[in-house]
Amino acid sequence: MIRRTWGADKWMLIPQVEHARIAGVIAAAWNFRKARPGGAIMSAIANHDHGWAEVDARPTLNHDGAPRSFLEMPPKESFSIWTRSIAHLAEMKNY
């Protein structure tokens with residue numbers, strides 16, 4: 001989960017999967033100077049955080065009581081989640 005402060009007492013929460021989807025939309029619209037990346041690269045951009053879907057569906061709180069950002073997670077836990085993202089891309093047969 002990406003957490004941004006919104007006002008004095010609110011947060012904007014952006015699921016990692018949504019962040020990746022928007023990155024894919026931006027990449028698809030990008031005016032590349034040279035050759036446009038192939039479909040596998042574009043798919044990787046749009047799906048690079050798929051492994052976070054389950055975690056973001058059940059947010060936890062940090063020690064201050066705010067929804068926990070992906071930046072606040074222990075590296076071992078984050079690594080496991082990103083490994084699931086890579087496995088998802090492999091299952092999509094893009095690589």
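Biologist: What makes the mean positions of the positive and negative charges of the protein chain 9 Å apart?

Modeller: The 9 Å separates the mean positions of 12 positive and 9 negative charges. Lys and Arg count as positive and Asp and Glu as negative, while His and the chain ends are not counted. Each charge is placed at NZ of Lys, CZ of Arg, CG of Asp or CD of Glu.

Modeller: A word on the source: this is a predicted model, where local features need pLDDT of at least 70, side-chain atom pairs count only at pLDDT 80 or more, and totals for chains, interfaces and linings use all residues. Residues are numbered from 1 along each chain as its sequence is written, and side-chain values use heavy atoms, leaving out hydrogens and water.

Biologist: Why is His 88 called buried?

Modeller: Buried means under 20% relative accessible area, exposed over 50%, and partly exposed in between (1.4 Å probe, protein chains only). His 88 has 17%, so His 88 is buried.

Biologist: Which residues does His 88 touch, not counting those up to four places away in sequence?

Modeller: Asn 47 and His 50; contact means heavy atoms within 4.5 Å. His 88 itself sits in helix H4 (residues 75-91); helices (H or I, at least four residues) and strands (E, at least two) are DSSP runs, numbered from the N terminus.

Biologist: And why is Ile 26 called partly exposed?

Modeller: Its relative accessible area is 47%, so Ile 26 falls in the in-between class. Ile 26 belongs to helix H1 (residues 16-29).

Biologist: How many helices and strands does the protein chain have?

Modeller: Four helices and two strands, running β-β-α-α-α-α from the N terminus.
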